[in-house]
Amino acid sequence: MSFNDSSSGNSTFFEAEEHVETKIVSVYTPIIYGALLIIYLMIFASQYRKRRIKKMAELPSIFDENEARKLYFEVKQMSEEQTVHEKVIKALLLNRGAEAIRRSFKLKELEPQINMLYKSGSIGEDYWQRYQNEVKLAEVEFKETMMEAENLQQGWAQLFVALCKEICFNQALTRRYNSIFKRKEVCIKEWQLKIDGNGRLIQ
Amino acid sequence: MTEISYDTNSKKLSSVGEPTEGLEIALGQVNTLTTALISETNPNFTPQPHEDVSKLIKNLFDSGLKNAQQNKFPEALKNVSLAIEMAQRKRAPWEAFAIQLKELQFMLRHKIDILLVLGRYLEALQDLDMLMNTGLIQPEVLIRKTDALLKLGQLDQARIECERGLTLQPQNAKLKALLMECTRKLADFNGEI
Amino acid sequence: MPQSYEYDEGSETWPFFVLTMLFVVLVPLSISQIYRLFLDRSNATEYGDPEQEKVQKILEEVNDEFVTEDVRVFRQAYEKSARSNIWSKRNIVLIVGWALVAFLIQRIRENDAIVASATGLFDPYALLGVSPSATDRDIKSAYRKLSVKFHPDKLSKDLGGEERARIEEMYVQISKAYEALTDEITKANYLTYGHPDGPQTVSHGIALPSFLVDRVASPVVILIYAVMLSIVLPYFVTKWWSRTNSFTKKGIHVKTASHFVDRLANFKPSEIVTVDLIVNWLSNAEEFKIIFPNLTAADFEELIHDHIDRTNNSRLKDPKVRFRIVSKCHSLLHGLLDLACGVRNTEIANATLETFKCIVQAVPHTPYRQILQLPNVNKEKFLEGSVDEIYTLGKLFTYEDKEIGKILGIDDEHKLKKTLTVASHIPHLKLIKADFLVPGEPQVTPSSTPHISVKFLVRSAKQKIIPPEKFPESMLEEPQDFEFQKDPFSILESQPPMPYSYAPFFPTKRRNALCCLVALQKDGKLIQTPVVIDKLSLQNLNKDFDKRQVKDLDENFKPEEWSIGTIKIPLGQPAPAETGDAFFRVIIKSTDYFTSDLDFTMTMQVRETPAQTEEKIIEYDEEDGTEDESSDDSDNDDDEEEDEDSDYTDIDTDTEVEEDAVDETK
């Protein structure tokens, strides 16, 4: 829209010249404005980052409680007060190592699936973050157990890893084997079966 | 939080109070490892399986087979079950998994056949599930699973397993016959006239 | 050209500016609201198919009878809130917005400055009082007439100075106008600049009313600007961002999704998935905690169990609490299903759908679930008295009506009639054929993009079974025209929406849907997210074709009277690059009813050269049965990483090698 009866540019120029004090302010105004904006953004960014890190640290593990690790440290602490057989510590460490291996395998196995779910928007940002954290944690945990093994027995670390691997798989097999009884009970309940003492169906 | 107590004599760990499922499993695993470690004298032990235990298990299992050949199935079942149990208990957890798995699968297959003969279908089904869970997906396993499920009245599931078996071996005569039986029984089950 | 910036002293511009902004918001909002009010609602009730309406009517009648008072009240409240209220936020915004528009228009009309500047525009035709299409002669004569009238020399001396000046100005304008239309140069000026004198001063105004920029008010404006930029804008942006971030694309809370994935990732394959387990997972959903922050997961679990078992054991007696929890399960279960498919667990996906049925029908997952979903069934009498094993509706309908009454423990004839109506209107699916199709190709070629086409019969449990081969090939063919080839899935859209389900215990009215899962037979795992079908004609349910009366099938059966259902399932991955056979398991499950769901095996025959396209029957050479022994292993489960020997040969080497080995096996 144009105003035909507007004042000309010259007159505004003169008007501005009359208010000298406003001109002085206008030199600093952009600097102050810019400074304020930058400070504001900096505060915002640092707060945001701090909160993010705090939130990340609070994220729970994607696995259930690591009982193997917890047990190891509990008994380690206990051994300061009472004597705990060296082989018990060894057993605890092997168990911890096996769990560490199980987790890293599991994470490897989950990787493409988590990727897919994250890309399709089925899971949120925080699970993705939790997964990334877990991968790092698993690495650290694995190295830690290897170091502990080395401390316990010089030059054992290499063999320790091989043993843990076997233990990890064998434990899985045992767990599966031990679940048979419970599975049977569930089937009886779900299918409302009647089984006699010899394990045969009552028709 | 549950407290852990340590028995200096038996060198076993146990929980004070009610343990969670996870803790209970972990304690069991540690105690098994401790027992195995104590009987192990070599500090640099390897995953190499122990010959003596292998022999023990083999003998027990063989006597089970012998019983089965003489149609003494309940005794055979007892022997084979015991052999499996021993493999689970006597073997150290670090003994080569590949060997342990093969051994278990082999014994389970025979146990399943005995269970099926004895009409203990539910137990057979659990052992079959276990076999399949360990990656043993074969027409022979699926034939037995279909059979057990049919006997247990789980017709829909039986048909599903049977079809899966046929994808492994489309010409398997037994599976084809079982599929027909499934279809027939399902038609009756669903009142399809 | 002189330029100047100035504030809107005469309030000439800013009303237009505000008006434009208002229109930008109001016009799309109004259109969408009108669409919602009129088009959407009519869409929801119209099936465009009288047969489907008939099914709906029958089911609705029975449904209404069995809905309890509590559920009815809840549904009414729910529908009221769902339907757009006149005083909803949206409508208020619209009303205020349009009122503002009216006010602004009024203001613009009353504003002299605007009118002046509008009239100040130079229009030579208007000045001469001729139409733009006038000829030169007309213009000349009009000018002559006017110039005589307004010529300064001809003015009477009595006129005041002001009046005289006005008329003189008018005369000048008229002359200019005449020149503009006749003189070449002025005309050119007029055409380029809109004024016969050449370019005019153009001024750029800032569309802020002057009172805002006055010295007193200016700090306030700056303050408002600062607050807007540094507080209000970030606040709303973060709020919007966190809201979009707190729900997944599947509509469940991210925390719920995280919880579900946790459970799926920690799930032990040694466990059998049961409905109870799924309910336990559901009860930890964040959604419940948001609605009822004071209650615990144990409370929610008990409430869902109460609903399924139709009991009232929970300490929370308010039915509204229970209804809100139960109705929320719908989206949670869909979310869980999606995630279960994401981690490829067939067992859990299946159990999720079974749980869905249990919750919709309020029937526990017992072997007798098909019967117990019917109304009026006397549970004790039925379970005690059953001589024959009756688990299915189909089996039930092999008995005469009277006998059924006895079996189910229903004495009242009217009640029995209702029960049988429900029983015969629960859709059962019967597979006719299923193929992998590639549009425009006679068979599946390597690396092509096939989809699954399933042809089936929707039938009632009461109807006589019709073998698939009774339907002529012509009825099962798909259109071959270009339109269809372009979008083979359009066939799904042509179906009417499914009618409301018989589900009197579910807190809201709901429609049945079919969830289609696809798994690989090789490893038994799902390969893609579920496809949900919510449109399907159930017209076959209206046919009597009673299996107890129809003795001779061929005599009474006319294939053209039956409608054949089609489901198209897109495959998430292309066909294998090599020729050969791949086996798939396809599961099509109803979300609402315990009925005969479809679960079948399909063979994808990937062939290079044109060959036979029949894919239903498994037929070819014997395969090495033991080959599969090694094919699948570790990825079965979370902790059973047992592998074939090859993995253990390099047992003493570095872990990385072993990890690679595990990768290979996947």
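**Entry 1: chain C, annotated spans**

I started with residues 91-108 of chain C, which are 100% helix and 0% strand, with end C-alpha atoms 26 Å apart. Helices here are DSSP runs of H or I with at least four residues, strands are runs of E with at least two, and both are numbered from the N terminus. I note that this is a predicted model, in which local features need pLDDT of at least 70, side-chain atom pairs count only at pLDDT 80 or more, and totals for chains, interfaces and linings use all residues. Residues are numbered from 1 along each chain as its sequence is written, while chains are lettered from A and ligands numbered from 1 in the order in which they are written.

I looked up the record next: an unreviewed UniProt entry puts "transmembrane region" at residues 14-31, 91-108 and 216-237 of chain C. UniProt positions follow the numbering used here, feature names are shortened, and annotations may be inferred rather than shown by experiment. I then checked residues 14-31 of chain C and found 100% helix, 0% strand and 26 Å between the end C-alpha atoms.

**Entry 2: chain C, domains**

I listed domain 1 (6-116), domain 2 (123-195), domain 3 (215-246) and domain 4 (427-609) of chain C; the bounds come from an automatic or database domain assignment. The centres of domain 1 and domain 4 of chain C, taken over C-alpha atoms, are 39 Å apart. Their contact takes 18 residues from domain 1 of chain C and 15 from domain 4 of chain C, where contact requires C-beta atoms, placed from the backbone, within 7 Å.

On the domain 1 side, the elements giving two or more residues are α2 (50-66) and α3 (69-82) of chain C. α2(C) gives the most, with 10 residues. I sorted this side into 9 nonpolar, 4 polar and 5 charged residues (nonpolar: Ala, Val, Leu, Ile, Met, Phe, Trp, Tyr, Cys and Pro; charged: Asp, Glu, Lys and Arg; polar: the others, Gly among them).

**Entry 3: chain B**

I counted 8 helices and 2 strands in chain B, in the order β-β-α-α-α-α-α-α-α-α from the N terminus. The radius of gyration of chain B is 21 Å, well over the 16 Å from the globule rule for 193 residues, so chain B is more spread out than a compact globule. That radius is taken over C-alpha atoms, and the rule is 2.2 Å times the number of residues to the power 0.38. The C-alpha atoms of chain B fill a box of roughly 70 × 45 × 30 Å along the principal axes.

**Entry 4: chain A**

I found "transmembrane region" at residues 27-46 of chain A in an unreviewed UniProt entry. Residues 27-46 of chain A are 100% helix and 0% strand, with 30 Å between the end C-alpha atoms.

Methods. Two residues are in contact if their C-beta atoms, placed from the backbone, lie within 7 Å.
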